[in-house]
Amino acid sequence: MRVWAGALRAAAAPGPLTGSFRERFDFGGRDVASWFPGHMAKGLRQMRASLRRADCLIEVHDARIPLSGRNPMLQEALGIRPHVLVLNKMDLADPRRQPTVLERLKQQGCSHVVFTDCQRDGNVKKIVPLVAKLVGDSPRYHRAESTEYNILVIGVPNVGKSSLINSLRRLHLKKGKATAVGGEPGVTKAVLTKIQVCEKPLMYLVDTPGVLPPRLGDLETGMKLALCGAIRDHLVGEDIMADYLLYTLNKQQQFRYVGHYGLTEACDDIQAVLRRVALAQGRTQRVKVLTGTGDVNMTMLNYPAAAYEFLRDFRAGRLGRVTLD
């Protein structure tokens, strides 16, 4: 318990600062070098081999972090092939930020962008016609005689690549799931075989494991990826993730958490917020305390469980639609 509280104090500003929030976040000397599981490096090597057979690349990314964490190695691999950027989970992102995001992406050379919500198939129907047009307008030197389209789906972990494939199959083939879908990074661990997603035109997609670069450029990018579930929570630490989330919500004046947890006002002290979360969600734990007269069992607030609930509420959109970039 003391370790948890100490970690929180290292990152949080002292005391509740209502109406006056931190202007910068203290990461406490953390390092992101260990946030890259081994199977992702292997997946990157396999994906490069698949690139040679692809007519078009669909890069899937989280709409809440449209600019952060897009793998630079993936962008280098795009070459001259047609490229569509799918920003998934649009239902969780702030729709007011879309025009700014599209302008920034256009400046980076991304002109074909589709916002999607694969849970409800929102906007997914735009993808096949766009891909067909892009492939039709581009040279296919390596397999010009072929009539089928091979599309490679790429992106960082847990942005909804498998969900997109299943959504396309539902829309165009009226079929169900073809790939396993999971709520945490690393569910798709092996490069899968071709999956048909459309009859006319005959279109196949290859789902790949999400790939992150071995070393993220900066802690802020890593933290945003972690909040969106692209990096496993325990590798980063739920305590600092919860504090960074609170810092971000306050910075963007997204104060829905205040009413959601029954706080009286906005607060910049993560311990005070997690206390309210624990009380509101009934997150307690029995702790044995040694005293001079013997062991005493006490009920205490479970701050790690409260931090997990805080993160889960954000990821489910219960704290509002938030774009982190």
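In which loop is C118 found? C118 lies in the loop between strand 3 (113-115) and helix 5 (127-136); helices (H or I, at least four residues) and strands (E, at least two) are DSSP runs, numbered from the N terminus.

Before going further, note that this is a predicted model, in which local features need pLDDT of at least 70 and side-chain atom pairs count only at pLDDT 80 or more, while totals for chains, interfaces and linings use all residues. Residues are numbered from 1 along each chain as its sequence is written, and side-chain values use heavy atoms, with hydrogens and water left out.

**Stop 1: the whole chain**

The secondary structure comes to 12 helices and eight strands. Of the 325 residues, 53% are buried, where buried means under 20% relative accessible area, exposed over 50% and partly exposed in between (1.4 Å probe, protein chains only). Among contacts in the protein with a separation of 6 or more, 71% are accounted for by residues 24 or more positions apart; contact means heavy atoms within 4.5 Å.

**Stop 2: C118 and its surroundings**

Return to C118 and show its side chain. C118 counts as buried because its relative accessibility is 4%. Leaving aside neighbours within four places in sequence, C118 is in contact with N88, V124, S163, L164, S167 and R170. Next, select S167: its C-alpha atom is separated by 5.9 Å from that of C118, although the two residues are 49 residues apart along the chain.

Select C56 as well, which counts as buried because its relative accessibility is 0%. How many disulfides does a search of the whole structure find? The search finds zero, a disulfide being a pair of cysteine sulfur atoms within 2.5 Å.

**Stop 3: the annotated binding site**

Now select N88, K89, M90, D91, N158, V159, G160, K161, S162, S163 and G210, which an unreviewed UniProt entry gives as "binding site". UniProt positions are given in the numbering used here, feature names are shortened, and annotations may be inferred rather than shown by experiment. Of these residues, M90 is included in the lining of the largest cavity. On a 1 Å grid over the protein atoms alone, a cavity is a set of points where a 1.4 Å probe fits but cannot get out, and lining residues have an atom within 4 Å of a point.

- K89 is found in the loop between strand 2 (83-88) and helix 4 (98-107). K89 has a positive phi of about 65° although it is not a glycine, and K89 counts as buried because its relative accessibility is 19%.
- N158 is placed in the loop between strand 4 (149-154) and helix 6 (161-172). At 13% relative accessibility, N158 counts as buried.
- S163 belongs to helix 6. At 14% relative accessibility, S163 counts as buried; S163 is also one of the residues in contact with C118.

**Stop 4: the nonpolar cores**

Select I58, I127, V131, L164, Y257 and F310. These touch the most other members of the largest nonpolar core, which holds 68 residues. Such a core is a set of buried Ala, Val, Leu, Ile, Met, Phe, Trp, Tyr and Cys residues joined through side-chain atoms within 4.5 Å. Helix 9 (residues 238-251) gives the most to this core, with eight residues. The core draws at least three residues from each of domain 1 (5-33 + 216-315) and domain 2 (38-207); the domain bounds come from an automatic or database domain assignment. A second, separate core of 10 residues includes A63, V101, C110 and F115.

**Stop 5: around helix 9**

Select L246, which is placed in helix 9. L246 counts as buried because its relative accessibility is 0%. Not counting residues up to four places away in sequence, L246 touches R22, Y257, C267, D268, D269, I270, V273 and F310. The C-alpha atoms of L246 and Y257 are separated by 9.0 Å.

Move to Y257, whose contacts beyond four places in sequence are L246, L249, N250, L263, A266, C267, V273 and L319. Then select I270, in helix 11 (residues 270-281); I270 is buried, with a relative accessible area of 0%. The C-alpha atoms of I270 and Y247 are separated by 8.7 Å.

End at Q253, in the loop between helix 9 and helix 10 (256-260). Is Q253 buried or exposed? Q253 counts as exposed because its relative accessibility is 62%. Q253 has a positive phi of about 55° although it is not a glycine.

Terms used. 1 Å grid on protein atoms, 1.4 Å probe; cavity = no way out; pocket = protein on both sides within 12 Å on 5 of 7 lines; lining within 4 Å.
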